[in-house]
Amino acid sequence: MKGIKMLGTEPVDGRPLYRYRAGLWALSALEASINNPLVSRKIQVQALAPVAAARFASNYDGGSPSWNHCGEEILRLYNRNGARFRELMDESFSFYRIPVVSRPGADLLLETVIGQAGLPSGMIRQGKPIRKILDSLMQHEVAGGVDAQATAQALIGAADARSDLRKAHEHTEHLPGLCVDLVRAVLKLTTDAQWEGGALDRIWSMPGWMQALPFRVEEDAAKEIVGHLLNVALAATEGAACAIERIISRRHGAWTLNTRAMIDGTGFEAAGEVPGLVAVHYAIAGEPVGEAFKARRKDGGRFFQASAVQDLSENVSDRAVSLVISDAGTYRRLDCIGGEPLDERCVWVFEPGDGDPVYRSPAPVRLRTRTLLAAAPEGTIVTGEATALGEKLMVNGSARPLWSVSGKAVFTAADGDFAVVESGYAGPQGYLDFSGRTPHFRVKGYSTVFVGDANPRKLGGLSGRIEWRRAGDSAWLGQSARGASGDMQFRLVDDTSAVIAERRRVLVLPQGFDHRTTNRHLSLSLPAGVTIAGHATAADGTCTIKFAGSSLLTVTLLFAGTRADLLFECPKPASFIDLASGEETATGMRRVSSIAAGRIVAQAGTALHNRLEVRRASASWNAVHSLSLRANRLPLSEVSGFLEALSFDPRARTHALKVQFPNGPGIEIEPYRIRRIGAEVTVEGASDDVRVQLRELTHVTGDEPIELQRKYSQAWLLPDAKLFPGVYLAIDPSRQAAPCLVVLGEDQADTASEFLQAVGISESHARSAALIGLYRRITDDPHSGKSSAELDVLLGWLGSFQFYLRWLDPFLVLAKEPLLALRLLALARLRGYTEAEQGLRWGLDGLPFFWHAALAQASAELLEWSRRQFGESQTTDVSCLLASLPLAGRVGELVKLRAAFGPWSDAWQTSVGEWSDRRQQELEFRDPPVRDAAAELWERLSVPGLVDTLRTRSRSITPSVDLDRTFLLAPYELAVATWYRHDMDQSLRDNLLFARYMIDPMLFDDAYCSAIAMLENAA
């Protein structure tokens, strides 16, 4: 057969099967012969192994390899007669002089096929051992490294030592060559097709592009393999899927320089245990300074952009900017390119595009773009094809004239140093970039500084070579610059030695140079041959210099004929300060009580730490709220209302809160409360005047409390349960520490009172149901003898525990029953139980959004109930009580509230805008999940025209603003949810709490009441 003859033209010499260059048509002919009864055994033997290897390379895309991946004919023979199949396959390997691999417990023949095949797409996906080898090998090739075969062998040997490779690839002599051939094939494809990223049509349209691969596969498989390897190539040249770009934009007649994050359409990967939704932040010197965007994981793999990118508001052109991932209160660095500080002495070249012009490189640079923008320092002389725009870019108080370059122009600085900027360049495109370790200090006179190795690389194209030299030398060197240090210059040249891009004034500090700064001194670790001008070095190579009260310290470093002035900043760490004790928390997380939190001030030394992140300690990582500092300072007492509302738990367990600077110190605020531990109760951090008593909960009030004996400063002994059985509340008579439930022995509740029996029920759900049922029966018929007697016990009990109700179920069950709560409050007023009325008022004031619900759901019903039960005379007293209640008392002002809707809506939206401006935050503040939950609320409102009325935006709010992503409708969202008794998502409820307490509580409540009036009128 022709297929066999084609294969037979290449002598069988023991080479790997993938190297037999049979075409796809020949492989198909071979495959057809496998199960053909007219074909001889010899031809079947010659066909089996190469067909299995070729089909495996085409078909395997992940999972556990099997004979299914080796083609239909192979699988058919395997399933029909396994013994004969193995006999023929073994003969086939013998024919091609291929030794069968040895791996106990495995399918040795299949492993041999895998080892002899090309590399299928399933083995070069991200995270696979072979992919990691290709990543490193591609970086080696792009950097112009030598002896790729030895490098590949070393990488494979290291993976083999870690047991990362399949047995099929262990000790496989041809694997290094296969990896090198694949990498070089991809580089050749990109060069031949002049592909520099984006759509791959330019490659697929080249005739015979599949022939560049070192093995034969089907077209679809070839495209997938090349696609994977192109990602490797781009990763080697561009470094990562994320980038930091400097952009210039013209707003209100002025040009400004901004910093913006970019994410590739292929997404990025994050190592470790990372949640499905992450916040990506800008970072300076490792410290987050603002959120860039949200990213969501898809199908358990890569992360893709999930929210709009926000520009970095800080003017940080002279600072290195990177990206970090927010994960459970910590931050991890995200691989990204760009973000290097811009050298103020260089000409900055920007490339116009569909949006704002993007910074590409300092001059010299050549780009294909027809027109470039260049921002040059004042005093620069420009000649050639460049036109002055007559406008300037303002950066850190200095002006840089803007030039439009439409050809080749020369920019000459005041010191005579010149650089070429050329647009419309038809040659290879590229920029010179670096991925070395950038220090946190600054060095005067250098555009870029690295410690140990600059690690130069090509960016924007995959062709060309990198050369370097020391400043002052005339000869350019082509070998690796690894290990070289000092004042250096780098350039990128094409195959004709034409300079594509050049970077001057690059300082490479010696390997081993390190530093550590405190707010008092600078400690330097100096390798051999490095000295500090004017300072002695210790025998161990260290040198310590004091800041001496200055915020900046300049150190002159001498090494390798280079003199460099290093500028260090005195760190001013963010911290939490206890104003009473003077204790400062500048690192880590410290636990404090809720009482101590009121005297703590958060302060930051720089504008980098301009906010705090607050969340419940038990909440998910992304349930975080941002509090802005004012003048780098925020007393927590100023936000106590929001903190108390966020910490409230309707199950009487106050939430602990975490308050933290992003990537900085934090405090965990725990309730200052009594806790039971075995036979003791404790109060952590108790003062000398704290006492603990036990008060019975299930008996008629009047019994004297049991005073507990203090064991030591923070612990009290409980009495013997046999002598004092019952259910107790451990209280602090000074009301500093929150109470604690204590059960001693079996409950001995008074059987005469149904209320006290309900209080004594141990299971919480049954207890709540019994109490609610009892309250309804009492308030539905308060005049019956039984109800009246139970009411006296209930109101007496509420009065007795008036200071502790917010921790007790008989009160907490009323949190979601506003009508029952108002009825009991009215009965306490009518029956003269002043202490019970006072306790209920205090407790209800502490329930977030309770009075809002009372206005919407209970105020009008309360008056109807009062008239029905007591007549008009006593209803007057109930009306007076209702009028004294927050919000709920406004039920009689509905007409007035409806008339005020427009002005109050404008006032609230104006307040939101002002709050946003103070925070330097966009109006569209909410995360997508909260936005979606808010949008869902409006679907419940079906009154014609009312939706448009409530969602009216003030004149200052442009139509492009997504209202559901803002706080502009927050009061109305709460009104709709409350009116329709919608059980809100917890994240949306917390978001509305934040809007009320952090923007303007009074305006929020006014807008809410007017919305309730509109809803009541429509109903």
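Modeller: Rings of Phe, Tyr and Trp pair if their centres lie within 6.5 Å. Keep that in mind for this predicted model.

Biologist: Which residues do ring pairs link into a cluster?

Modeller: Phe 642, Trp 915, Phe 967 and Phe 994. A search of the whole structure finds 25 aromatic pairs.

Biologist: How are the rings of Trp 915 and Phe 994 set, stacked or edge-to-face?

Modeller: Planes over 60 degrees apart count as edge-to-face. Here the planes stand at 75°, so the pair is edge-to-face, with ring centres 6.0 Å apart.

Biologist: Where in the chain do these two partners lie?

Modeller: Trp 915 belongs to helix H23 (residues 901–919) and Phe 994 to helix H27 (residues 986–998). The pair links distant parts of the chain, 79 residues apart. Both Trp 915 and Phe 994 are buried.

Biologist: Now the core. How many residues does the largest nonpolar core have?

Modeller: It has 125 residues, and Leu 612, Trp 851 and Leu 950 have the most contacts inside it. Helix H28 (residues 1001–1018) gives the most to this core: nine residues. A second, separate core has 70 residues, including Leu 134, Leu 175, Val 180 and Leu 229.

Biologist: What is Trp 851 in contact with, leaving aside neighbours within four places in sequence?

Modeller: Its contacts are Leu 822, Leu 825, Leu 844, Asp 845, Leu 885, Pro 886, Leu 887 and Ala 888.

Biologist: Is Ser 404 buried or exposed?

Modeller: Buried means under 20% relative accessible area. Ser 404 has 17% relative accessibility, so it counts as buried. Ser 404 lies in strand S14 (residues 398–412). Beyond four places in sequence, its contacts include Thr 371, Glu 385 and Leu 389.

Biologist: Last, a sheet. What is the order of strands in the open sheet of three strands?

Modeller: Strands of a sheet pair through backbone hydrogen bonds, either parallel or antiparallel. In this sheet the order is S23-S24-S26, and the pairing is antiparallel.

Biologist: Why is one side of S23 and of S26 left without a neighbour in the sheet?

Modeller: Strands S23 (514–517) and S26 (542–546) stand at the edges, so each has a single partner strand. Neighbouring strands are turned by 15° against each other on average, direction ignored.

Biologist: How many bridges join S23 and S24?

Modeller: Four, in the antiparallel sense, with S24 spanning residues 521–525. In S24, Leu 524 is the bridge partner of His 515.

Key:
Residues numbered from 1 in each chain as written. Predicted model: local features only at pLDDT ≥ 70, side-chain atom pairs only at ≥ 80, totals over all residues. Heavy atoms only, no water. Core = buried A, V, L, I, M, F, W, Y, C linked by side-chain atoms within 4.5 Å. Buried < 20%, exposed > 50% of the residue type's maximum accessible area, 1.4 Å probe, protein only. Helix = DSSP H or I, 4+ residues; strand = E, 2+ residues; numbered from the N terminus. Contact = heavy atoms within 4.5 Å. Phe/Tyr/Trp six-rings, centres within 6.5 Å; stacked < 30°, edge-to-face > 60°. Pairing = 2+ DSSP bridges. Axes fitted to C-alpha atoms, helices over the stretch in contact; angles between N-to-C directions.
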